[in-house]
Amino acid sequence: MPTTRATAEEHSAVRTLLRLWPYVRPVRARLFTAAFVAVLASCTGLVIPLVLKWMVDGPVAGRDPAGVWLGALFLLLLGLGEALLFGLRRWLVARPLSRVEAEMRADLYGHLQRLPVSFHDRWASGQLLSRGTTDLMLVRMFLAFPLTFLLVNGVTILIGVTIMLLQDWTLGLVILGPAVPVIVTCVLFERRYFHVARLAQDQVGDLTTVVEESVLGIRVIKGFGRHRSQAQAFRELSGTLRGTELRKARLLAAIWGVIVTLPEIAIGAALVLGSVQVADGDLSAGTLVAFLSTALALRWPVDSIGFLLAISQDAASATERYFEVMDETPEDAAVAAADAGREDMGLRFDHVVFRYPDAPEDSPPVLDRVDLHIRPGESMALVGATGSGKTTLTALVPRLHELTSGRITLDGRDITALPRETLRELVAVAFEEPTLFSASVGENVLMGDEEGDLDRALAVAQAEFVHALPQGTGTQVGEQGLSLSGGQRQRLALARAVVGRPRFLVLDDPLSALDVHTEAAVEAALREVLAETTALIVAHRPSTVLLADRVALLSGGRITAVGTHHELLRTNAEYAHLMSGSGETEENR
Ligand SMILES: Nc1ncnc2c1ncn2[C@@H]1O[C@H](COP(=O)(O)OP(=O)(O)OP(=O)(O)O)[C@@H](O)[C@H]1O
Ligand SMILES: [Mg+2]
């Protein structure tokens, strides 16, 4: 699976994160204000040591209780101010950032809908799920926290160090000592961590895929007693993920060790040196207090850098994963061929060649020069052995896949030149494996078509059983609602296809799951619908074939014969063979 991509090329976390700008732009004013407020709050914190110095050298030394009270009041006010400002920052960013996250998620979802089916064939759904959920959460966390605090802490450290140097430059230099090793550690850390963060996110995607498949395929898994091997696969993947997370934790522990220990030692050294100076009378006690409390105030900004960098790296690789999906080009970008004029009406396949994009290079194409003309108003049955490419051919008409070469025209218009909405209006499809969405029966059939005639569609599809459901057509079905049988789902899918009275109808074996009596009833009703449309119907049984005016035989990637059912039975051995297995007499028309 090409979903987990090795990221060999040189990375720039900053460049990746800059791609977030279009989403952040609308909320930039708030973000900048919040950053400014946070810097202000931090600087307020830095004033506290200066007040302490004033207290120690002034009222405390002079034994003036009133002065001490005044100083204490001042400290209280400063503390309150700092707390209020940080609260304000939080309030400023919370709402706009959740909007950024929601918008990115909506864009991702929209993009996934537009991407061609071939993309979805290639990408594991769990990878897409994890990108749309956990990754975007990481991005929001980054925008809320590290983005501001890397700046705020940087400024705070700079101002704090300046204050310390101004207090006493020798002590200041002692404190600055660890700066170089800390910076080197940060750079080394950043590079390694990015790689591991990306690995962990990809593994979460793989894990999501396994969970999703197990849930969706629970019947098959139970039916075949595969739960043990599925659990084994899950355990292995989650074990790998655990290993990667532990690697992340080790890296984080290492950087944290360096970042916390070295400055702490420097503070200790400064304390000893400062005390000696005070004892010698070279330094006022107040200055030492101010100096040390500034150093202590800078502890959190310095300590937090490791963890801020870690979140930033997580977010950078999450952003990368997000844009990997967003950078895939949607199908509309495929070149639209010129309009062919209107001389040949109906549904035409001209030299249609199709190969699945993920098929091996040397395998023959599934469809190899298919030529077929379905005249306006005609219904054509498509017959072929299993695996001959019937489903594939039907999926090409609504452009679920793009042709490798050749063209398909509807009333003379190339389908690649039609706007997508027009194509969807012209062509309705019902697939072999019908999907119902978590919505009411009515919504599932209408699929947003406000004007559709629901009752007629249900009647055509012989889906009157829905009226017997608890809430009739308002009954919730799909994953979050009532489960329907295969045949019931098939009939709803058929109703969905005919509800909008499309000009072209493409049905992939729409009656395969029905019992003989229901099938006969559906066929009778369908015959009327087929009379008004141009239709292509994949069929396995003679009874379905008989609905159509003509039959086309798909074999070896080509249409090898076209004619009426009876003609083909007589003249084509393969066709006769395909039809003979069904055990029905075909003379009952
Ligand atoms: N998404 C896909 N990616 C790659 N190959 C595919 C894909 N779907 C189908 N194929 C291959 O294309 C060939 C034709 O499949 P298709 O589903 O069109 O057959 P079919 O005629 O509809 O068969 P059936 O009668 O069993 O429904 C098969 O060999 C199948 O392996
Ligand atoms: Mg099929």
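Thr-391 places a side-chain N or O atom 2.5 Å from an oxygen atom of ligand 1. The model is predicted. Glu-432 has a side-chain N or O atom 2.8 Å from a ligand oxygen. Tyr-356 has one 3.2 Å from a ligand nitrogen.

| Side chain | Ligand 1 atom | Distance |
|---|---|---|
| Thr-391 | oxygen | 2.5 Å |
| Glu-432 | oxygen | 2.8 Å |
| Tyr-356 | nitrogen | 3.2 Å |

How much of ligand 1 does the protein bury? Taken alone, ligand 1 exposes 630 Å², and the protein buries 64% of that area.

**The shell**

The shell around ligand 1 holds 14 residues. The closest are Thr-386, Lys-390, Thr-391, Thr-392 and Glu-432. By class, 7 shell residues are polar, 4 are charged and 3 are nonpolar. Helix α14, residues 390–396, supplies the largest share of the shell, with 3 residues.

**Helix packing**

Helix α13 spans residues 299–326 and packs with two helices described here. One is α11, residues 227–280. The axes of α11 and α13 come within 9 Å and cross at roughly 160 degrees. Angles over 145 degrees count as roughly antiparallel, so α11 is roughly antiparallel to α13. The crossing of α11 past α13 is right-handed.

The other is α9, residues 179–216. How far apart are the axes of α9 and α13? They lie 9 Å apart, and the two helices pack at an angle of about 45 degrees. That angle makes α9 oblique to α13. The α9 and α13 crossing is right-handed.

Definitions and conventions
Residues are numbered from 1 along each chain as its sequence is written. Chains are lettered from A and ligands numbered from 1 in the order in which they are written. This is a predicted model: local features need pLDDT of at least 70, side-chain atom pairs count only at pLDDT 80 or more; totals for chains, interfaces and linings use all residues. Side-chain values use heavy atoms; hydrogens and water are left out. A residue is near a molecule or strand if one of its heavy atoms lies within 4 Å of it. A polar contact is a pair of N or O atoms within 3.5 Å; within protein, one must be able to donate a hydrogen and the other to accept it, and residues adjacent in sequence count only if both atoms are side-chain atoms. Accessible areas come from the Shrake-Rupley method with a 1.4 Å probe; for residues, only the protein chains shown count as cover. Helices (H or I, at least four residues) and strands (E, at least two) are DSSP runs, numbered from the N terminus. Ala, Val, Leu, Ile, Met, Phe, Trp, Tyr, Cys and Pro count as nonpolar, Asp, Glu, Lys and Arg as charged, and the others, Gly among them, as polar. Axes are lines fitted to C-alpha atoms, for helices over the stretch in contact, and angles run from 0 to 180 degrees between N-to-C directions. Angles under 35 degrees count as roughly parallel, over 145 as roughly antiparallel, 65 to 115 as roughly perpendicular and the rest as oblique. A crossing is left-handed if the near helix is turned anticlockwise from the far one by less than a right angle, and right-handed if clockwise.
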